[in-house]
Amino acid sequence: MNKVKLGKQVAFDAAVQQIECNPNDRAHLGAVLTRGKQVVWGTNIMGKTHPDSQVWKDGVQIVKGVHAEQMTLIKGRKFTDGGILYVARVTKAKNLALASPCSVCRYLIKESNIKRVHYSVGPNEWGEWNV
């Protein structure tokens, strides 16, 4: 990913761009990791990853995918210390919607030494979590 100088709105736009660049048009959540004033990594999810989409086999839960936050933390792990994570969800109608990280993502964010998370709440509304 190209490093881009940014402000908060530019970072959210970059998270939305991660969703829009998915060729299979199934992504609805994107995340970007910033450090200093640059986007250093970003990704999107490829489909539904929550409990109603999970598969159980012989009593073991099979995860079909990872969340955008998780993949961004994994791929951008060299840049997580002190970084800021931006997460955006876009509805089929192209409106921003709630993208608050789940409990598993929150745990991974804490363990990754991210200092702050900004996430979409609704159209032109953003939430913030100071880790």
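Glu128 and Arg116 form a salt bridge in which the closest N and O atoms are 3.5 Å apart, where a salt bridge is defined as a side-chain nitrogen of Lys or Arg within 4 Å of a carboxyl oxygen of Asp or Glu. Because Glu128 lies in strand S8 (residues 125–130) and Arg116 in strand S7 (residues 116–122), the pair ties together parts that are 12 residues apart in sequence. Side chains of opposite charge can pair when their charged atoms come close, and the structure holds one salt bridge.

This is a predicted model, in which local features need pLDDT of at least 70 and side-chain atom pairs count only at pLDDT 80 or more, while totals for chains, interfaces and linings use all residues. Residues are numbered from 1 along each chain as its sequence is written, and side-chain values use heavy atoms, with hydrogens and water left out. The helices (H or I, at least four residues) and strands (E, at least two) are DSSP runs, numbered from the N terminus.

How open to the surroundings are these residues? Glu128 counts as partly exposed because its relative accessibility is 41%, and Arg116 also counts as partly exposed, at 24%; buried means under 20% relative accessible area, exposed over 50%, and partly exposed in between (1.4 Å probe, protein chains only).

A contrasting case is Thr72, which has its place in helix H2 (residues 68–75) and counts as buried because its relative accessibility is 0%. Leaving aside neighbours within four places in sequence, Thr72 is in contact (heavy atoms within 4.5 Å) with Ala31, Val32, Leu33, Trp41, Gly42, Thr43 and Leu85.

On the surface, Val104, Tyr107 and Leu108 form a nonpolar patch with about 280 Å² of accessible area together. Patches are made of residues with over 30% relative accessible area and no salt bridge, with like charges joined within 9 Å and nonpolar side chains (Val, Leu, Ile, Met, Phe, Trp, Tyr) within 5 Å, and accessible areas come from the Shrake-Rupley method with a 1.4 Å probe, only the protein chains shown counting as cover for residues. Tyr107 belongs to helix H3 (residues 103–111) and counts as exposed because its relative accessibility is 52%.

Lastly, we turn to the backbone. Most residues other than glycine have a negative phi, yet Asn113, which is not a glycine, has a positive phi of about 65°. Asn113 is found in the loop between H3 and S7, whereas Asn124, whose phi is also positive and near 55°, is found in the loop between S7 and S8. Asn113 is partly exposed because its relative accessible area is 45%, while Asn124 is exposed, at 71%.
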